[in-house]
Amino acid sequence: MASSMSETSRVFDMDHYHVTEDHGFILPEPLTNLSEYYQPWMEIANKIPFLIKTHSLREEVNKMPLLDTKYLNGYKEQRLAHLSLSFITMGYVWQEGEQGSIKALPQNLAIPFWNVSQCLGLPAILVHGDSALANWKKKDPNGPFELENLDVIFSFPGEDSAKGFFLVTLLVEMAAVPGIKAAVTSINAMIQKDDRKLHQALQDIADSIECMVTALKMMQGNVDPQVFYGVIRIFLSGWKDNPSMPDGLVYEGVHEDPKQFSGGSAAQSSVLHCFDALLGVSHSGESGNFLNRMQDYMPPSHRQLIQDIASSPSLQQYIVDSRKPKLQEAFNNCVSQLVKLRNQHIIIVSNFILVPAAKARDIRKKGISNDEILLKAPSALEERGTGGSGIMSFLKSVRDTTKVVCVPSAH
């Protein structure tokens, strides 16, 4: 973060970044269907679990007409097109598991997917902005934004666990909304030297992160770890830093050379990047490089908000200079809540990846064949996240870097 108050006096406005008061980074009320012309995409995307189970997704995609993206009308239609084509692509690539991956995406899928990705400033792969932010609908439109009243638009094999995984991730994002609003408020309060407003904003951020921890804990009751590891996880995997697809993927009709993209990752959530930027958490080395690269997988307006927060005056320095114990305590509470969130993420990863991975290795070693779910799991990703990071060392490094930004108490 910059340290001089004179470097900016611009008041932040969330609307400028496609961030809403009610939904934060979540796409408000996503569309669930496209026009008649695009029904070939919709029909396949709506049947992905069945088509994968019957090993017929690739066959259906190969019969699909090559459609032009120019008839997509507006941002929400483009987001739904990206969502549907990304789900179809992940299913197409991984239909036969890690041993049966393919080297090229056919042009009737590759060309429109590439084109709509270019329009949105996103890569041509499933990203967090698709599966977590734009893949939801309410069962009762007037009902609450709660798990029981939410459903996904598209899914992968894994039934309730797949649905639970996407919707709990959505609820973590929703829990962050007051914190994102308060982050913007805190910068404006700092610029205006309104310490009372700043203190309240910091309390709101800490409360919001605490709610994110509570939401994240819902993974445990709504997602079966063995189903996540053995069935769902491969469909979130990319073709960068993945030994199953060392060369990447050719997008036929777009590029002759293969492209490498990382799979979905919580590191693609703009929320944590915003809190890091605000609190002055600066990740370096491999972890920093990976997190910086993950910003390329976010909608550009969300990425811009992170960059603008990072280049605004240093909140940490302002708090130190204020020598006000109440402000310092409120700031440090935000940091400790962020550490708790990262600790909870480590617990989730341990339960959903490391423990099932150890079981899968044991099953393979002993030659036991009665646990079909774990035997399906991709062995290439045992120690890595679907985004390609060395998962536990990365998460611990990010958590430990967060700890050090606490400010010393004023004397």
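A residue is counted as buried when its relative accessible area is under 20%, and by this criterion 58% of the 411 residues of the protein are buried in the model, which is a predicted one. The protein comprises 18 helices and 4 strands, and its C-alpha trace spans about 70 × 55 × 45 Å along the principal axes. A compact globule of 411 residues would have a radius of gyration near 22 Å, and the value of 22 Å computed for the protein therefore agrees with that expectation. Among contacts between residues at least 6 apart in sequence, 79% join residues that are at least 24 apart. The protein exposes about 17400 Å², of which carbon and sulfur atoms supply 49%. With regard to charge, the mean position of the 38 positive charges and that of the 45 negative charges are 5 Å apart.

In helix α15, which runs through residues 315-322, the residues L315, Y318, I319 and S322 are buried. These residues lie on the same side of α15, because the arc that they cover around the axis is only 100°. The elements that cover the buried residues of α15 include α8 (177-191), α9 (195-216), α12 (270-279) and α16 (325-366). Helix α15 is followed by R323, a residue whose phi is positive, near 55°. In helix α14, formed by residues 300-310, the buried residues are S301, H302, R303, L305, I306, D308 and I309. The cover of these buried residues of α14 includes α8 and α12, both of which are also among the elements that cover the buried residues of α15.

When residues up to four places away in sequence are not counted, Y251 touches L105, A110, W114, A124, W239, K259 and F261. Between Y251 and M298, which are 47 residues apart in sequence, the C-alpha to C-alpha distance is 21 Å. G158 is found in the loop that links β3 (150-151) and α7 (159-175), and with a relative accessible area of 16% this glycine is likewise buried. Residues touched by G158 are V227, V231 and I232, again leaving out those up to four places away in sequence.

E159, which is placed in helix α7, has a positive phi of about 45° although it is not a glycine. E159 is exposed, since its relative accessible area is 68% and the limit for that class is over 50%. H18, in the segment that precedes α1 (39-45), has a positive phi of about 55° and is not a glycine either. With a relative accessible area of 47%, H18 is partly exposed.

Definitions and conventions
Residues numbered from 1 in each chain as written. Predicted model: local features only at pLDDT ≥ 70, side-chain atom pairs only at ≥ 80, totals over all residues. Heavy atoms only, no water. Helix = DSSP H or I, 4+ residues; strand = E, 2+ residues; numbered from the N terminus. Rg over C-alpha atoms; globule rule 2.2 N^0.38 Å. Buried < 20%, exposed > 50% of the residue type's maximum accessible area, 1.4 Å probe, protein only. Contact = heavy atoms within 4.5 Å. Areas by Shrake-Rupley, 256 points an atom, 1.4 Å probe, with all protein chains shown as cover. Lys, Arg positive; Asp, Glu negative; His and termini not counted. Charge placed at Lys NZ, Arg CZ, Asp CG, Glu CD. Arc of directions from axis to C-beta.
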